Amino acid sequence: MKLWRSVTTVLLVAATIVAPASAAHAAVTDAELAYRWAPVHYQDTASTYRADYLAPVDYDGEWNTRNNWNNLDAFASGLVGTVYYSVVETGTHWFIVYAYYHARDYKTFFPHENDMEGLLLTVRKDGGTGTLEAMVTLAHDNFYSYVPTGGTYTSGRENIDGTVLMQSFDGAAHPTTSQESKGHGCYNWSGGSFPGGDGVVYYPSRTAGAVPSGPNDRNARYRLVDIFGPGGPWERRNSNPPYASWGAFAGDDWQPNAAHAPWAWDDLNDGSDLQAGVIASDPAYLVSRYYTNLGAFSLAYTRNQYRG
């Protein structure tokens, strides 16, 4: 009887030791990372507000991006809140791109069919879902750099443009972003009110997004879609449409082929070594140039589907 109890005790102790070790080494998935750091997004809206709703590229049921301007009203039910994401990884960091798509860029000067702007987050690996260290956003062929309160990064080649405002959602602090109406330039959200008083506040969903209830919906939802997923933007990268050339969406209203996917996003004046697309394909290098005081920071990728 004593022997049986001793053996049972040993087995229970062994199980207690092994189980936490297995859990501790469970790798966090890209979907989990994307949701953990998904921004609370403040989208300004204007009179033709449907063009300011976040949407999937194929909101009208197909990938012909040359009719996305004209199909907007007929396929309004397809304007389901959607944000595309990708994750690449080095030994020290995850780099997460979030891309916001709109069917029309309808600003006064140089409007065009299709629009995709967004951001890059730099997240230090810490054994869990990481620690946010920096954010770079895209607005009209310019990148803007931000750090969270208490962050260690300082200005490098580019000056830091502001602070990442964090907002509690689903038990965690999420970064916040904003986009203009009409032209959809993406920046940090600095708090306060929408410029015209109306706007949509999007929160991430683990499951489905939804069409906002109107131009002043303060509790809308967006779904997260992996850029690298089957049938998605990256898998279609060599197809015309949705692309007229590398990373340029095919569009024939106003300026042709003027919107770009993340692997073609560019800041036009940040240096010849930072070519179009590096914000997605080589984000570690971009961050190492934009900021200083990085601490331990690897440039070697352990996973990067943009680079094959």
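1. A word on terms before we start: a residue is called buried at under 20% relative accessible area, exposed at over 50%, and partly exposed in between, using a 1.4 Å probe and protein chains only. By that scale His140 is partly exposed, since its relative accessible area is 30%.

2. Some background on the model. Residues are numbered from 1 along each chain as its sequence is written, and side-chain values use heavy atoms, with hydrogens and water left out. The model is predicted, so local features need pLDDT of at least 70 and side-chain atom pairs count only at pLDDT 80 or more, while totals for chains, interfaces and linings use all residues.

3. The largest pocket has a volume of about 310 Å³. A pocket here is an open set of points on a 1 Å grid over the protein atoms alone, with protein on both sides within 12 Å along at least five of seven lines, and its lining residues have an atom within 4 Å of a point. The volume is the space filled by probe spheres set on the points, which are joined across faces, edges and corners.

4. Who lines this pocket? The largest pocket has 18 lining residues, and His112, His140, Asp141, Ala258 and His260 lie nearest its centre. Strand β4 (residues 112-124) gives the most to the lining, with four residues; strands are DSSP runs of E with at least two residues, helices are runs of H or I with at least four, and both are numbered from the N terminus. By class, the lining has eight nonpolar, four polar and six charged residues. In that count Ala, Val, Leu, Ile, Met, Phe, Trp, Tyr, Cys and Pro are nonpolar, Asp, Glu, Lys and Arg are charged, and the others, Gly among them, are polar.

5. His140 sits in the loop between β5 (131-138) and β6 (143-148), and it has a positive phi of about 55° although it is not a glycine. Ala258 belongs to the loop between β15 (248-249) and α3 (278-281) and is partly exposed, at 23% relative accessible area. Not counting residues up to four places away in sequence, Ala258 touches His112 and Phe249, where contact means heavy atoms within 4.5 Å.

6. Please check the backbone at a few other places too. Most residues other than glycine have a negative phi, and most peptide bonds are trans. Lys182, in the loop between β10 (172-179) and β11 (186-188), has a positive phi of about 70° although it is not a glycine. The peptide bond from Asn240 to Pro241 is cis, with omega near -10°, and a cis bond also joins Pro241 and Pro242, with omega about 15°. Pro241 lies in the loop between β13 (220-226) and β14 (243-245).

7. Which residues does Thr65 touch? Setting aside residues up to four places away in sequence, Thr65 touches Val57, Glu113, Asn114, Pro241, Pro242, Phe249, Ala250 and Gly251. A polar atom of the Thr65 side chain lies 2.7 Å from the backbone oxygen of Ala250. Thr65 counts as buried, at 0% relative accessibility.

8. Gln43 is another buried residue, with a relative accessible area of 0%, and its place is in strand β1 (residues 40-44). Its side chain makes a polar contact of 3.0 Å with that of His102. Such a contact is a pair of N or O atoms within 3.5 Å; within protein, one must be able to donate a hydrogen and the other to accept it, and residues adjacent in sequence count only if both atoms are side-chain atoms. Leaving aside neighbours within four places in sequence, the contacts of Gln43 include Asp52, Leu54, Gln179, Phe194 and Tyr202.

9. The largest nonpolar core has 80 residues, with Tyr98, Leu224, Leu286 and Tyr291 having the most contacts inside it. Strand β3 (residues 93-105) gives the most to this core, with nine residues. A nonpolar core is a set of buried Ala, Val, Leu, Ile, Met, Phe, Trp, Tyr and Cys residues joined through side-chain atoms within 4.5 Å. Helix α4 (residues 283-290) is largely enclosed by the rest of the structure, because six of its eight residues are buried: Pro283, Ala284, Leu286, Val287, Ser288 and Tyr290. Helix α2 (residues 30-37) is mostly covered, again with six of its eight residues buried.

Conventions
On a 1 Å grid over the protein atoms alone, a cavity is a set of points where a 1.4 Å probe fits but cannot get out, and a pocket is an open set with protein on both sides within 12 Å along at least five of seven lines; lining residues have an atom within 4 Å of a point.
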